[in-house]
Amino acid sequence: MERTIRQYVDKDLEGVLSSWEAATRLAHPFLTEEFLAQERHNIPNMYLPNADTWVVEQDGTVIGFIALIGNEVGAIFVQPDFHSTGAGRALMDQARGLHKVLEVEVFRANAIGRKFYDNYGFQPLSESVHEPTGQELLRLKYTAERAA
């Protein structure tokens with residue numbers, strides 16, 4: 001098994017979309033099909049062109065990605081078959097190597113994501129409501145010095 005973290009290139013789009021959709025459907029069963037369809041359109045057209053995106057490849061196949069906008073984790077998704085294998089941690093470690101302080105928003109109802117961020121060492125900052133879905137959001141912060 002060979003695992004690599006590298007910068008996103010256009011040929012990774014299908015692997016990124018596949019990782020996003022599989023992980024999103026597992027972690028966010030409360031999202032509507034309309035919202036998911038809009039996000040699937042937004043990923044290649046709005047988000048990826050404006051983000052510093054890294055993929056995790058295993059044996060030559062993209063199994064997940066992290067998209068950063070500055071020190072904001074805009075997205076981190078890993079194929080569910082690869083949850084708890086270190087792939088998500090490897091992506092977050094890449095982000096931590098680029099930024100000593102990271103912030104992220106996660107849906108309160110996303111137990112999978114909340115557990116991942118908690119285990120990584122993120123701390124709560126604030127709460128808000130995600131207007132498009134009406135879902136509660138938690139804003140979290142990671143500081144490398146605190147976790148070290």
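How many bridges join β2 to β3, and in which sense do the two strands run? I looked this up first. Seven bridges join β2 to β3, and the strands run antiparallel. I note here that the model is predicted.

**Entry: β2 and its partners**

I then turned to the hairpin of β2 and β3, which has two residues between the strands. Asp 59 sits in that loop between β2 and β3. Its phi is positive, about 50°, although Asp 59 is not a glycine. Asp 59 counts as exposed because its relative accessibility is 53%, and the cut-off for exposed is over 50%.

I also checked β1, residues 3-7, which pairs with β2 in the antiparallel sense over five bridges. Ile 5 stands opposite Val 56 in β2. Six of the seven residues of β2 are buried, so this strand is largely enclosed by the rest of the structure.

I wrote down one rule beside this entry: in a regular strand, side chains alternate between the two faces of the sheet.

**Entry: β6 and β7**

I looked at a second hairpin. Strand β6 (residues 123-130) and strand β7 (residues 135-143) run antiparallel and are joined by seven bridges. Pro 124 has Leu 140 in β7 as its bridge partner. Four residues lie between the strands of this hairpin, and Gly 134 takes a positive phi near 75°.

**Entry: the nonpolar cores**

I looked up the largest nonpolar core and found that it has 22 residues. Ile 66, Val 73, Ile 76, Met 92, Tyr 117, Phe 122 and Leu 140 have the most contacts inside it. Among the elements that give two or more residues to this core are β2, β3, β4 (72-78), α3 (87-98) and β7. The largest share, four residues, comes from α3. Apart from this core lies another, of 18 residues, including Phe 35, Ile 43, Val 62 and Phe 77.

I then listed what Phe 122 touches, leaving out residues up to four places away in sequence: Met 92, Leu 102, Val 104, Tyr 117, Leu 140, Lys 141 and Tyr 142.

**Entry: helix α1**

I checked the length of α1, residues 13-27. At 1.5 Å a residue, its 15 residues should span 21 Å, and its end C-alpha atoms are 21 Å apart, which agrees. I found buried residues along α1, among them Gly 15, Trp 20, Ala 23 and Ala 27. The buried residues of α1 pack against α2 (33-47), β2, β3, β4 and α4.

**Entry: the loop between β4 and α3**

Is Gln 79 buried or exposed? Gln 79 is found in the loop between β4 and α3. Gln 79 counts as buried because its relative accessibility is 17%, and the cut-off for buried is under 20%. Not counting residues up to four places away in sequence, Gln 79 touches Ser 18, Ser 19, Ala 22 and Ile 63.

Ser 84 lies in the loop between β4 and α3. Ser 84 counts as exposed, at 84% relative accessibility. Its phi is positive, about 65°, although Ser 84 is not a glycine.

**Entry: the largest pocket**

I looked up the space in the largest pocket, which is about 1,200 Å³. Of the 47 residues that line this pocket, His 28, Ala 75, Ile 76, Phe 77 and Tyr 117 are the closest to its centre. The elements that each supply at least two residues of the lining include α1, α2, β3 and β4.

Conventions: Residues numbered from 1 in each chain as written. Predicted model: local features only at pLDDT ≥ 70, side-chain atom pairs only at ≥ 80, totals over all residues. Heavy atoms only, no water. Pairing = 2+ DSSP bridges. Core = buried A, V, L, I, M, F, W, Y, C linked by side-chain atoms within 4.5 Å. Buried < 20%, exposed > 50% of the residue type's maximum accessible area, 1.4 Å probe, protein only. Contact = heavy atoms within 4.5 Å. Expected span 1.5 Å × (residues − 1). 1 Å grid on protein atoms, 1.4 Å probe; cavity = no way out; pocket = protein on both sides within 12 Å on 5 of 7 lines; lining within 4 Å. Points joined across faces, edges and corners; volume = space filled by probe spheres on them.
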